[in-house]
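Hi everyone, thanks for making the time. I'd like to walk you through one structure this morning, so please have a look at the screen.

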Amino acid sequence: MTARLIGIPKSITYRNKKIRESARDEECLVRLPGACLHRPDATIWSHYRGSAGGKAGALKADDLCGAFACTACDAVYDGQRPPPEGMTYSDVVVAWHEGHIRSIVRLHEKGVI
Ligand SMILES: [Zn+2]
């Protein structure tokens, strides 16, 4: 809002359907111990939750800022479920970021990026 008022152009959010759809039948690469479903049929493209990735309100982060995550790991990262026993939310964030790096490498292996 402020950026619009003072004339700063809004950055363009990067969207890539091939990245999002590539999550189908991938293994979860976030792998939260005690939470992960370890089921490729439950894997989605999990978007980064911070503003550094372009997230703003209901607007999701850029599609490059994501990870292959099962719905359970994504729910913990999103705060819909508590961290698994013995983990803090900071541990969850670190695990998600490691999953993000694994996912970028995997996307490259698959020729998606
Ligand atoms: Zn998982």
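Predicted model: local features only at pLDDT ≥ 70, side-chain atom pairs only at ≥ 80, totals over all residues.

Let me start with the overall layout. The protein has 4 helices and 2 strands, and from the N terminus the order is α-α-β-β-α-α. Along the principal axes, the C-alpha atoms fill a box of roughly 50 × 35 × 20 Å. There are 113 residues, and 37% of them count as buried. If you take the contacts between residues at least 6 apart in sequence, 67% of them join residues at least 24 apart.

Which residues coordinate the zinc ion? The donors are the SG atoms of Cys-28, Cys-36, Cys-70 and Cys-73, at 2.3 to 2.4 Å. Along the chain these donors follow the spacing C-x7-C-x33-C-x2-C. Two of them link distant parts of the chain: Cys-28 is in the loop between helix 2 (17–21) and strand 1 (43–47), while Cys-73 is in helix 3, and they are 45 residues apart.

What about the geometry? The arrangement is tetrahedral, because the angles subtended by the 4 donor atoms around the zinc ion run from 102 to 121 degrees. For reference, the ideal angle for four tetrahedral donors is 109.5 degrees.

Cys-70 belongs to strand 2. Not counting residues up to four places away in sequence, Cys-70 touches Cys-28, Cys-36, Leu-37, Ala-42 and Thr-43. Thr-43 is also the residue that stands opposite Cys-70 in the strand pairing. Strands 1 and 2 run antiparallel and are joined by 5 bridges.

How much of strand 2 is buried? The answer is 5 of its 5 residues, so the strand is largely enclosed by the rest of the structure. Gly-66, Phe-68 and Cys-70 point one way from strand 2, Ala-67 and Ala-69 point the other way, and all are buried.

On to the packing. The largest nonpolar core has 16 residues, and those with the most contacts inside it are Cys-28, Val-30, Leu-32, Cys-70 and Cys-73. Strand 2 (66–70), helix 3 (71–77) and helix 4 (89–109) each give two or more residues to this core. Helix 3 supplies the largest share, 4 residues. Apart from this core lies another one, of 7 residues, among them Ile-19, Leu-29, Trp-45 and Phe-68. As a general point, nonpolar side chains in soluble globular proteins tend to be buried together.

As promised, back to Pro-84. At 8% relative accessibility, Pro-84 counts as buried, the cut-off being under 20%. Leaving aside neighbours within four places in sequence, Pro-84 is in contact with Leu-32, Pro-33, Gly-34, Ala-35, Val-76 and Val-92.

Last stop, some backbone angles for those of you who like to check them. Asp-25 has a positive phi of about 65 degrees although it is not a glycine. His-38, likewise a residue other than glycine, has a positive phi near 50 degrees. Asp-25 lies in the loop between helix 2 and strand 1, and His-38 is placed in the loop between helix 2 and strand 1 as well. Asp-25 counts as exposed at 56% relative accessibility, and His-38 counts as exposed at 60%.

Methods:
Residues numbered from 1 in each chain as written. Heavy atoms only, no water. Core = buried A, V, L, I, M, F, W, Y, C linked by side-chain atoms within 4.5 Å. Buried < 20%, exposed > 50% of the residue type's maximum accessible area, 1.4 Å probe, protein only. Donors = N, O, S within 2.8 Å, 3.2 Å for Na, K, Ca; no water. Tetrahedral: all angles 85-135°; square planar, octahedral: opposite > 155°, others 65-115°. Pairing = 2+ DSSP bridges. Contact = heavy atoms within 4.5 Å.
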